[in-house]
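The stops below say what to select next.

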Amino acid sequence: MNLLINSANCQVAGFAVTTVGWILSTMCMGLVEWRVWYMDNTSLSSPGLATVGMWKVCTYPRVSYFDRATSSCHLYTYGDTYLPLNIRIAQHLLLTASILGLLGRVSTVFGLRNVCMGILWRNATCHPFVVSGILNIVASTCISIAVIWNYKSMMNEEGISFPPSFYIAFKPNRQEMGNAMLVACLAAFMMMLSGLFHLSYKFSPDNQVHPEVSEM
């Protein structure tokens, strides 16, 4: 069975998917809605909600959910000891995924350049696509681990010991998955899909070009 349409078009489609997946993976790092905490009035927190992200946490009064004008946000630093292990590791995983996705795009551009210039030797065109495919799949795996670990922590109702100045309770009365996790899931899927697009170039029979052997 032929590889979708043809090998070159497949790699262009893979590059487009890679670009969208990389943008989403970078975007989900900055989003704060990884977990949404609903809190009642306690000694440490006032009624409202908090959105817990990988790099910051924001609190909102109950009367103005997600109103940036009334929100109070606190950025994390690497020296913050109150952050749980899952957030610390997720920070590094998401950064790694963003870097790998960028390198994968560069490798794809190099491979497409060789194809457009008519350099059809296997060692000149296949390797950049394979490298890009591997990088994208690894990036997808990093994002998936961050998402799964965050979801597991949410389902286990694990708390976070924020400083008292944040006015956030150790555990919310109720919590749910935020939009950032959905964006991250889509990014992981698209990075995995683009990786499979690029790896398929290796097994496309149309791309196996052999040098001519002159007769003696």
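Start by selecting Cys-185. Its sulfur has its closest cysteine sulfur in Cys-28, 9.4 Å away, which is too far for a bond; a disulfide here is a pair of cysteine sulfur atoms within 2.5 Å. Cys-185 is partly exposed, because its relative accessibility is 38%. The classes are buried (under 20% relative accessible area), exposed (over 50%) and partly exposed in between, with a 1.4 Å probe and protein chains only. Now select Cys-28. Cys-28 counts as buried, at 0% relative accessibility.

Before moving on, note that this is a predicted model: local features need pLDDT of at least 70, side-chain atom pairs count only at pLDDT 80 or more, and totals for chains, interfaces and linings use all residues. Residues are numbered from 1 along each chain as its sequence is written, and side-chain values use heavy atoms, with hydrogens and water left out.

**The disulfide**

How many disulfides are there by this rule? The count is one. Select Cys-58 and Cys-73, which it joins with an S to S distance of 1.9 Å. The torsion about their S-S bond is about 110°, so the disulfide is right-handed. It links distant parts of the chain: Cys-58 sits in strand 3 (residues 56-61) and Cys-73 in strand 4, 15 residues apart. Helices (H or I, at least four residues) and strands (E, at least two) are DSSP runs, numbered from the N terminus. Colour the two ends by accessibility. Cys-58 is buried at 1%, whereas Cys-73 is partly exposed at 37%.

Five of them form an open antiparallel sheet, ordered 4-3-2-1-5. Strand 4 (72-75) and strand 5 (174-177) are the edges, each pairing on one side only. Two strands pair if DSSP finds at least two bridges between them. Select strand 1 (residues 35-39) with strand 5: they pair in the antiparallel sense over four bridges. Zoom in on Trp-37, whose bridge partner in strand 5 is Gln-175.

**A nonpolar patch**

Switch to a surface view and select Tyr-151, Met-155, Met-177 and Leu-182. Together they make a nonpolar surface patch of about 390 Å². Patch residues have over 30% relative accessible area and no salt bridge; like charges are joined within 9 Å, nonpolar side chains (Val, Leu, Ile, Met, Phe, Trp, Tyr) within 5 Å. A salt bridge puts a side-chain nitrogen of Lys or Arg within 4 Å of a carboxyl oxygen of Asp or Glu. Areas come from the Shrake-Rupley method with a 1.4 Å probe; for residues, only the protein chains shown count as cover. End on Tyr-151, in helix 3 (residues 122-155). Tyr-151 is partly exposed, at 41% relative accessibility.
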